[in-house]
Amino acid sequence: MEKHGLVRIIDQTLLSQTATEEQVREFCEEARPYGFASVCVNPVFVPVAEKILSGSGTAVCTVIDFPLGAGGTACKISQALGALDAGARELDFVVELALVKSHEWDRLTHGLMSVTEAVKKRDGDAVTKLIIETCLLTDEEKTKACLCARDSGFDYVKTSTGFAGGGATEHDVRLMRAAVGESMGVKASGGIHTADEAWAMVKAGASRIGASAGVAIARELCITP
């Protein structure tokens with residue numbers, strides 16, 4: 001992968017609880033020329049991002065049941081459909097961690113399958129990613145959560161919300177890639193601030209990078225708008 005390819009797999013991300021609409025507008029306008037995979041914002045700002053990014057080739061991404069993942073299946077579906085109707089095309093869901101920690105794998109898979117079926121029924125081209133929050137799980141739980149995501153039809157598994165005290169590690173990305181094989185994407189997110197850190201995640205198996213520093217990484221690679 002060459003440097004432009006790296007930039008094209010970045011989800012440029014602004015999920016601060018205190019971000020204002022003006023800041024989100026500026027963030028999207030700054031991101032638009034770089035050709036990122038997506039710009040990821042909180043659900044309330046999806047219409048703003050969609051208006052600015054329309055026609056750019058950069059998708060609007062948002063987060064669902066974020067950051068705790070504790071709203072349950074119906075909550076996830078409701079938020080997801082609302083986000084799609086508002087203009088989002090990529091959805092990053094937080095796994096129901098209570099089910100992971102209690103090892104209720106069949107129940108988890110069933111709920112996740114209900115989510116993906118509802119999303120795909122509304123928009124067959126929508127991209128779904130499942131955040132498993134690796135810093136809170138054992139390696140066995142990470143692997144099993146990834147398998148549940150794969151079996152329920154998600155497009156990606158993702159390492160972290162960035163809100164739980166830990167981010168992406170090369171170890172976790174390798175583990176997740178080994179679990180899902182080449183059948184789905186792996187998104188490394190959390191604590192990635194430089195091009196070297198992003199390259200390391202790609203070499204470990206990531207096919208998407210979540211970062212608030214996407215523009216800084218592009219500039220580090222001497223990519224200009």
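**Salt bridges in a predicted model**

Colleague: Arginine 25 and glutamate 21 both sit in helix 2 (residues 21-31); how many residues apart are they?

Modeller: This is a predicted model, so please read the values with that in mind. In helix 2, about one helical turn separates arginine 25 from glutamate 21. That spacing corresponds to a separation of 4 residues.

Colleague: And what is the N to O distance where their side chains meet?

Modeller: Side chains of opposite charge can pair when their charged atoms come close. Arginine 25 and glutamate 21 do pair, in a salt bridge with an N to O distance of 2.9 Å.

Colleague: Which residue forms a salt bridge with arginine 122, and where is that partner?

Modeller: The closest N and O atoms of arginine 122 and aspartate 85 are 2.9 Å apart, and the two form a salt bridge. This pair links distant parts of the chain, 37 residues apart, with arginine 122 in helix 6 (residues 105-122). The partner is aspartate 85, in helix 4 (residues 73-86).

Colleague: Aspartate 172 forms a salt bridge with lysine 142; is lysine 142 buried or exposed?

Modeller: In that salt bridge, the closest N and O atoms are 2.7 Å apart. It joins aspartate 172 in helix 8 (residues 170-180) to lysine 142 in helix 7 (residues 139-151). Aspartate 172 is buried, at 5% relative accessible area. Lysine 142 has a relative accessible area of 7%, under the 20% cut-off, so lysine 142 is buried.

Colleague: How many salt bridges are there by this rule?

Modeller: Some belong to a network, whose members include Asp11, Glu90 and Arg208. By the rule of a side-chain nitrogen within 4 Å of a carboxyl oxygen, the count is 21.

Conventions
Residues numbered from 1 in each chain as written. Predicted model: local features only at pLDDT ≥ 70, side-chain atom pairs only at ≥ 80, totals over all residues. Heavy atoms only, no water. Helix = DSSP H or I, 4+ residues; strand = E, 2+ residues; numbered from the N terminus. Buried < 20%, exposed > 50% of the residue type's maximum accessible area, 1.4 Å probe, protein only.
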